[in-house]
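Reader: I am new to this structure and should like to understand the terms used to describe it. Please set each term against its definition.

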Amino acid sequence: MDPAAAPDQLGFLLARHGRTMNAALRQALGSAGLNPRHASTLVRLHHAGPTSQQDLLDILSIDASALVAILNDLERDGLASRRRDAADRRRHIVEITEAGRAAVAAVESSIAAVEREAFAGFSPGELEALHGLLTRIHSGPADPDCATD
């Protein structure tokens, strides 16, 4: 392999742009008092509606102890609540609060602003193609390098 070509390899390009996007998202979400993992969980919860903690684990593909820590933080900040499922006392139902819904609106606005700037030179078709390709990348969600906290 040509050493000069290394920075143009897809892995290096994705890593470089991933770091840049991660920094921009952290800064934008920080204004709402959230980090990417908290924001992602809150947005997914908002769109899923009240759901069991186990189903949320499946949706997010994260470790159970990581989800518990995230939910503890979201509960402490009044953005989500957990309650026992009346039909099955072993299950916890997680639900977004009114303050959580307001936070989701701020998160989605912040993310949209970051994306508008980052992808300003892309056509809608190119963005759709990029999204489709990126969702097909095989990576392990438990990989510590993939963590967004």
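Author: Let us begin with a definition: a residue is called buried if its relative accessible area is under 20%. The model discussed here is predicted.

Reader: Which residues of α2 are called buried?

Author: P36, R37, H38, A39, T41, L42, V43 and L45 are the buried residues of α2. Each is called buried because its relative accessible area is under 20%.

Reader: What makes the length of α2 agree with that of a helix?

Author: The expected span is 1.5 Å times one less than the number of residues. For the 13 residues of α2 this should give 18 Å, and the end C-alpha atoms are 18 Å apart, so the two agree.

Reader: What caps the N-terminal end of α2, and what follows α2?

Author: The cap is N35, with a side-chain oxygen 2.9 Å from the backbone nitrogen of R37. After α2 comes G49, which has a positive phi near 80°.

Reader: Why are β1 and β2 said to stand at the edges of the sheet?

Author: The sheet is open, with three strands in the order β1-β3-β2 and antiparallel pairing. β1 (51–52) and β2 (80–85) each have a single partner strand, so one side of each lacks a neighbour in the sheet.

Reader: How do you know that β2 and β3 pair?

Author: Pairing requires at least two bridges between the strands. Six bridges join β2 to β3 (residues 88–96), so the two strands count as paired, and they run antiparallel. R84 stands opposite H92, while the bridge partner of R82 is V94.

Reader: What makes α1 and α5 a contacting pair?

Author: Contact means heavy atoms within 4.5 Å. By that cut-off, M21, A24, L25, A28 and L29 in α1 meet V107, S110, I111, V114 and A118 in α5. The axes of α1 (residues 10–30) and α5 (residues 98–118) come within 9 Å and cross at roughly 145°; the crossing is right-handed.

Definitions and conventions: Residues are numbered from 1 along each chain as its sequence is written. This is a predicted model: local features need pLDDT of at least 70, side-chain atom pairs count only at pLDDT 80 or more; totals for chains, interfaces and linings use all residues. Side-chain values use heavy atoms; hydrogens and water are left out. Helices (H or I, at least four residues) and strands (E, at least two) are DSSP runs, numbered from the N terminus. Buried means under 20% relative accessible area, exposed over 50%, partly exposed in between (1.4 Å probe, protein chains only). A polar contact is a pair of N or O atoms within 3.5 Å; within protein, one must be able to donate a hydrogen and the other to accept it, and residues adjacent in sequence count only if both atoms are side-chain atoms. Axes are lines fitted to C-alpha atoms, for helices over the stretch in contact, and angles run from 0 to 180 degrees between N-to-C directions. A crossing is left-handed if the near helix is turned anticlockwise from the far one by less than a right angle, and right-handed if clockwise.
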